[in-house]
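I opened my notebook to go through one chain, feature by feature. Here is what I looked up.

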Amino acid sequence: MKNACLNKQLNNFHTDGYVKIENVFSKNALNKISNKYQKTIEKYKKESRVDSCNSLDWAMIRDEDIEYLVGKEIINIIKRISSLFLNLEENQFSLDLRIFNKPSKACQTPLHQDKAYEPQSTQRRINFWVPLD
């Protein structure tokens, strides 16, 4: 059953360009990220590293801050999932992290592909959206 679910998700990812996987991260891990999130954004705002676009704040997280913010547990899960979906070994890709902060009154975003928002690239990539609220 587990392999059938995984095969369906892999097929959806390769066919539709996205897949929704629920309950991947523990509540404890997400709470830790949420607690560190605001501190990181405030630090980046002081350094003018936060961009705003259509009432959406976002920041590209520096490599040295990724482990602090999300922790090794989440990094390892993301790498395992990415290697499955991209059919690559975990050491064959790098991890970039962007934080997007939607206002509390923002509408729900439907499932979509982010490729249209990214510059043309020959790199294979995978994006994760992890709601913290």
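I began with leucine 132. Is leucine 132 buried, exposed or partly exposed? Leucine 132 has a relative accessibility of 32%, so I noted it as partly exposed. The cut-offs are under 20% relative accessible area for buried and over 50% for exposed, with partly exposed in between (1.4 Å probe, protein chains only). I found leucine 132 in the segment after strand E3 (97-101). With Phe128 and Val130, Leu132 makes a nonpolar surface patch of about 200 Å². Patch residues have over 30% relative accessible area and no salt bridge; like charges are joined within 9 Å, and nonpolar side chains (Val, Leu, Ile, Met, Phe, Trp, Tyr) within 5 Å. Areas come from the Shrake-Rupley method with a 1.4 Å probe, and for residues only the protein chains shown count as cover.

A note on the source. This is a predicted model, where local features need pLDDT of at least 70 and side-chain atom pairs count only at pLDDT 80 or more, while totals for chains, interfaces and linings use all residues. Residues are numbered from 1 along each chain as its sequence is written, and side-chain values use heavy atoms, with hydrogens and water left out.

**Entry: the whole chain**

I listed 3 helices and 3 strands in the chain. Both are DSSP runs numbered from the N terminus: helices are H or I with at least four residues, strands are E with at least two. In what order do the elements run from the N terminus on? I read α-α-β-β-α-β. The chain has 133 residues, and 23% of them are buried. Its accessible surface comes to about 10,400 Å². Carbon and sulfur atoms hold 48% of that surface. I also looked up contacts (heavy atoms within 4.5 Å). Among those between residues at least 6 apart in sequence, 63% join residues at least 24 apart.

**Entry: rings**

How many aromatic pairs does the structure hold? I found 1. Phenylalanine 13 and phenylalanine 85 have ring centres 5.1 Å apart and planes at 80°, so I logged the pair as edge-to-face. The rule takes rings of Phe, Tyr and Trp (its six-membered ring) with centres within 6.5 Å; planes under 30 degrees apart are stacked, over 60 edge-to-face, and the rest tilted. Phenylalanine 13 is in helix H1 (residues 2-16) and phenylalanine 85 in helix H3 (residues 63-86), so the pair ties together parts 72 residues apart in sequence. Both phenylalanine 13 and phenylalanine 85 are buried.

Next I checked tyrosine 68. The charged end of lysine 36 sits over its ring, 4.9 Å from the centre. For this, NZ of Lys or CZ of Arg must be within 6 Å of the ring centre and within 35 degrees of the ring normal. Tyr68 also touches threonine 40, as do Ile61 and Leu69, not counting residues up to four places away in sequence. Threonine 40 lies in helix H2. Its relative accessibility is 5%, so threonine 40 is buried.

**Entry: salt bridges**

Side chains of opposite charge can pair when their charged atoms come close. A salt bridge needs a side-chain nitrogen of Lys or Arg within 4 Å of a carboxyl oxygen of Asp or Glu. I counted 3 by this rule.

- Aspartate 65 meets lysine 43 at 3.5 Å, N to O. Aspartate 65 is in helix H3 and lysine 43 in helix H2, so the pair ties together parts 22 residues apart in sequence. Aspartate 65 is buried at 9% relative accessibility, while lysine 43 is partly exposed at 35%.
- Glutamate 22 pairs with lysine 20, with the closest N and O atoms 3.9 Å apart. Glutamate 22 is exposed at 54%, and lysine 20 is exposed at 52%.
- Lysine 72 pairs with glutamate 67, with the closest N and O atoms 3.9 Å apart. Lysine 72 is exposed at 53%, but glutamate 67 is partly exposed at 43%.

**Entry: positive phi**

Most residues other than glycine have a negative phi. Asparagine 23 has a positive phi, near 55°. I placed asparagine 23 in the loop between H1 and helix H2 (27-46). At 77% relative accessibility, asparagine 23 is exposed. Asparagine 87 has a positive phi of about 55° and is not a glycine. Asparagine 87 is in the loop between H3 and E3. At 68%, asparagine 87 is exposed.
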